[in-house]
Structures are given as C-alpha cells and as structure tokens.
Amino acid sequence: MSPESRRRKRAKPSRSGQQVVRRARPAEMDQCDCPVCSDADFDPQTFIDDLVAGAADLIKAEDPVEAELFAATFLSAGDLGGEGFTEALNEDMLPAVAEIGTPEALAMLLAIDAVREGTVAAEAAQRLVDAGVAAPSWASELRQPVRVGPCRRFADSAGSASMLVCAFERAGRSYGFLVHVDHLDCDAAADIVFFPAHALDEVVTTIQQNGRRAGLTIAEELLAPAEFRWQVERALDARADHDQERDLAEFDDEFDDEDGPGYHMLAVLLRARIRTLPEPTRPPAQHDADTRRPTLELLDMISQIAGQAQQIQTRAGRRAAGRKLPAKRKKSGPAAPIYQLKVGLRGAKPPIWRRLELPADTSLADLHDIIQVAFGWDDSHLHVFETAYGDFGVADRELGYRAEAPVTLEQVASGGGDRFKYTYDFGDDWTHEIVVEKVLPRQPIAYPRCTGGRRSAPPEDCGGIWGYAELVEVLSDPGHPEHGDRLEWLGLASAADFQPARFDATEITRALTERGRG
C-alpha cells in the first residue's frame with residue numbers, strides 16, 4: 001500500500017495550499033475523514049472556492065516549482081488529514097475544480113498532476129486546455145524531462161545517521177534535496193532540506209566540515225540512481241509509518257510557511273522527483289514498527305548539518321518582499337549625511353561588534369566590502385542583506401536576491417534606530433545585526449572609518465558561533481588533545497598568538513582607507 005493511501009491520524013490543514021474544494025455538485029460531494037470535512041460547519045462550495053482562489057498567484061509564477069510546492073502543501077495536508085482523502089480527491093474535489101473552468105483552476109490541476117500520480121488531474125486539465133482555457137507560462141516547463149545529477153550518500157562513522165544528497169534539473173532550473181536519515185529510528189527520514197542546486201557544493205562542504213569538527217569520519221559514497229531511489233523511499237516510507245502514531249497537534253506548525261516548506265510538503269515534491277529515476281532492482285524495504293528502537297538524541301554534528309542546510313533552504317525559498325524601495329538620492333541634491341552604524345555579530349559571548357561611520361549613500365555592495373574589512377573576513381562565501389524592502393546580494397532569481405550594487409544604505413535604513421541584517425557564509429551563518437545609531441553631519445575627514453568595537457572576529461570556516469566557542473576553549477587548554485591540530489589549522493606557532501580579545505579601531509580604519517585607494 002502506498003504511503004499516500006495509508007490511514008493517517010487527523011491533522012489540522014494548512015492555509016493556502018490545503019484549503020481544499022468547492023463549487024460544482026457541492027451538495028452531492030462526499031466528504032473524506034479529514035478534520036475539515038468532519039467539521040459541522042464545513043461547506044464544500046466555499047472549500048473549493050478557497051482552493052481555486054489560493055491558486056490565483058500561480059498564474060503569475062515564473063518558476064513551476066512554486067506551483068508544485070503549492071500543490072504539495074494541499075496534498076500533504078490531505079494525506080495527514082485522514083482516511084479517504086485520495087478517493088475524495090479523485091471522485092469529488094478535482095472534478096469540481098475542473099468544472100470551474102478558469103485559468104486558476106487549470107493551474108491547480110496542472111500543479112497537482114506534476115507532483116502526484118494516480119489522480120484524475122491530468123485528464124481534467126487536458127479538457128480545460130481543449131476548451132481553450134489559457135495555461136500558465138510555466139506549464140510547458142512541466143512537460144520537459146527531469147535530469148538527475150550525481151546521487152551521493154554521506155554516512156558518519158558512528159552509524160547513527162546519513163545524508164542522501166542529489167540535485168535535479170528541468171528546463172534549466174536546478175534544485176537539490178538533502179534527506180537526513182536517522183538509523184537509530186528505523187532508518188526513517190528525520191528531515192528534508194530543499195535548496196538551489198548552485199548551493200550544492202556549500203551543503204556538501206558543511207557536511208564534511210562538521211564531521212571533522214565532531215571527530216567523525218564522514219564516508220562519501222556515489223549511488224546509482226536506482227539505489228538512491230530505494231534508499232530515499234525506505235526513509236520516506238518509514239517516516240510515514242511513524243507519523244501515523246503522532247498526535248495531530250504535532251503537525252500544526254508545519255504549514256506555517258514563514259520558515260519555508262515543511263517536511264511533509266517537501267516529501268510530496270521529493271517523491272515526484274525520484275519517480276523520474278529508474279525503478280530499484282531490489283524489493284521495497286520492510287518496516288516493522290515493533291522493532292523500532294527507542295528514539296535517541298542524534299549526534300550534535302548531524303543536528304548542525306541539518307540546521308545549517310536549513311538556513312540555505314529558508315533563504316532559497318524567501319521571496320524579495322516588503323515595502324516599495326524608496327527612491328535613490330539625486331546626484332544634484334545635497335551631500336548625504338553620515339550614518340553611525342553598530343554592527344554586532346549575533347550570538348557572540350562576549351560580544352563582538354564594530355562602530356562604523358560612513359556616508360548614508362554608500363551602496364550595499366560597498367557596505368558588504370566595508371564589513372568584510374572591519375571583521376577581517378575573506379569574502380570567500382555567499383552573503384545577503386535582509387531588509388524591510390527585501391533581500392539584497394549578488395542578484396539571484398532562485399534565491400530571491402535583488403542586486404545590491406544599485407541600492408544605497410539610506411534606501412533600506414532611513415534614519416536613527418533603523419536596523420537590518422547582514423549574513424555572511426550560509427554554512428557558518430555569521431549573522432550581523434546592523435543598527436543606525438546616529439545620523440551625523442559630514443566632517444572634513446576620510447570616510448568610512450571605525451570609531452569603536454570589541455574583540456577580534458572569529459576566523460573563517462571555524463563552524464559558526466558554536467564552533468568558535470569550542471576553538472577558544474581548545475586553544476586555552478594546552479593539554480587538550482586537539483590543541484596542536486587547531487594551532488596548525490590556524491597557522492600559529494603558539495596559542496599566545498591567538499588573541500580573541502584584541503581590537504584596534506585605528507588599524508581597521510587604516511585598512512578601510514587602503515581599501516578605498518585600491
């Protein structure tokens with residue numbers, strides 16, 4: 001029996017994608033066992049209207065994956081909702097959507113057909129197309145073949161967990177999946193991370209670096225696509241069985257998409273992708289819940305990998321949003337004032353921060369360079385400014401980043417008290433809180449300059465705040481077994497050369513001045 005048709009405990013449906021069905025034949029529509037249909041106030045007509053209305057944004061979508069995720073939200077909520085969902089979907093919901101006959105209804109049917117086999121969505125969509133209903137621009141992309149990249153498995157030497165990683169390409173758009181498999185929990189999937197394929201190398205590097213820091217050997221294995229499919233299906237099926245035992249309240253937060261798509265939505269999308277791979281040569285894995293071992297806490301290294309990769313997923317799914325960006329200062333107008341910024345590294349204890357003075361019309365691209373110099377970073381990783389007006393960095397449609405070079409500081413922070421974030425290195429996740437402390441008159445001196453701060457910044461690639469804290473601890477203890485290795489990694493002859501408390505504003509200002517001359 002497929003996971004889609006297994007009996008589920010009831011779960012609260014989500015907002016947009018899983019606000020299910022309405023219209024044609026509302027009085028005759030059979031109701032499944034989900035909590036929505038079981039509600040005494042349930043109105044099938046309103047239900048379908050809400051569903052199709054929710055699909056209105058799909059008409060304007062540029063990337064078909066947005067439509068697929070919309071449909072995956074709806075389908076995953078139905079799967080969790082209760083017995084009878086698939087039957088109600090085919091016999092009542094999809095025919096009712098099709099009878100609406102609008103472009104929004106067609107978009108919904110095409111999206112569902114893209115991620116779920118065994119539905120009547122394809123036939124219903126074709127009838128609308130034949131009747132002259134306009135298909136969304138992304139419909140042609142869904143008909144293109146899906147190509148798979150190298151399929152890899154990363155396993156820790158303790159045998160507690162592994163990561164299945166692969167990227168898929170269709171019509172020039174590429175996305176990757178990372179499946180975190182818990183071998184202490186029936187080989188079930190613990191999490192799924194979805195990310196743009198160009199971040200694949202960074203995801204792999206994160207896995208390997210965190211393994212080394214945890215003292216584990218991470219074995220990398222190249223899998224044939226059929227074997228990769230078998231391993232993914234084993235993990236997803238075991239998780240589906242376990243979810244039958246969970247209380248519906250545990251799923252409530254999953255459909256709050258502020259932090260990106262949740263596990264069950266991504267599981268629907270991932271199943272659609274792996275169906276394009278060759279059929280496994282060995283039979284499906286058997287899962288016996290009676291042999292399930294007690295849940296154990298996974299290694300800290302594995303948690304860090306999943307957490308850091310989740311940062312990549314969240315940024316990949318975020319859309320540039322917020323208020324309209326204010327107009328840029330005219331060159332013919334008065335000179336821009338000086339902003340006094342405090343840039344603090346989030347989570348650092350003791351605090352690590354810099355106070356900088358620079359013209360308000362400094363571009364975000366220049367601000368990125370200034371922060372790199374002020375903190376001693378190497379500018380060897382991705383970065384992003386997260387503001388009330390959207391996200392800015394190196395322009396990237398898949399990540400939702402707008403170009404930072406044309407945008408100035410005062411456009412995203414209009415005056416004293418305004419704040420925004422700057423994140424550098426999505427693996428180590430160095431997040432900086434930027435606050436406009438004061439707006440100052442311009443003086444006849446050189447800008448930018450550093451007027452205050454505290455402590456040295458952590459070295460690159462040390463594992464984020466938690467890794468840096470561990471590094472400080474190891475280097476302060478000559479008897480620590482990793483003391484020598486960490487000194488060698490830093491290229492230091494002695495621990496006395498490691499000075500985390502050191503700070504020199506004059507030295508930073510000098511470096512900023514040299515940058516301006518370069």
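Which residue forms a salt bridge with R355? The partner is E437, with the closest N and O atoms 2.6 Å apart; a salt bridge here is a side-chain nitrogen of Lys or Arg within 4 Å of a carboxyl oxygen of Asp or Glu. E437 lies in strand β13 (residues 430-440) and R355 in strand β8 (residues 353-359), so the pair ties together parts that are 82 residues apart in sequence. Helices (H or I, at least four residues) and strands (E, at least two) are DSSP runs, numbered from the N terminus.

The model is predicted: local features need pLDDT of at least 70, side-chain atom pairs count only at pLDDT 80 or more, and totals for chains, interfaces and linings use all residues. Residues are numbered from 1 along each chain as its sequence is written, and side-chain values use heavy atoms, leaving out hydrogens and water.

By the salt-bridge rule the count comes to 22. Among them is the pair of R173 and D63 (3.8 Å, N to O). R173 belongs to strand β4 (residues 173-182) and D63 to the loop between α2 (44-54) and α3 (64-81), so this bridge ties together parts 110 residues apart in sequence. Both residues, R173 and D63, are buried, that is, under 20% relative accessible area, where exposed means over 50% and partly exposed in between (1.4 Å probe, protein chains only). D63, E141 and R173 are linked in a network of salt bridges.

Helix α12 (residues 364-375) is largely enclosed by the rest of the structure, because 9 of its 12 residues are buried. Among these are L364, H368 and F375. Just after α12, G376 takes a positive phi of about 75 degrees.
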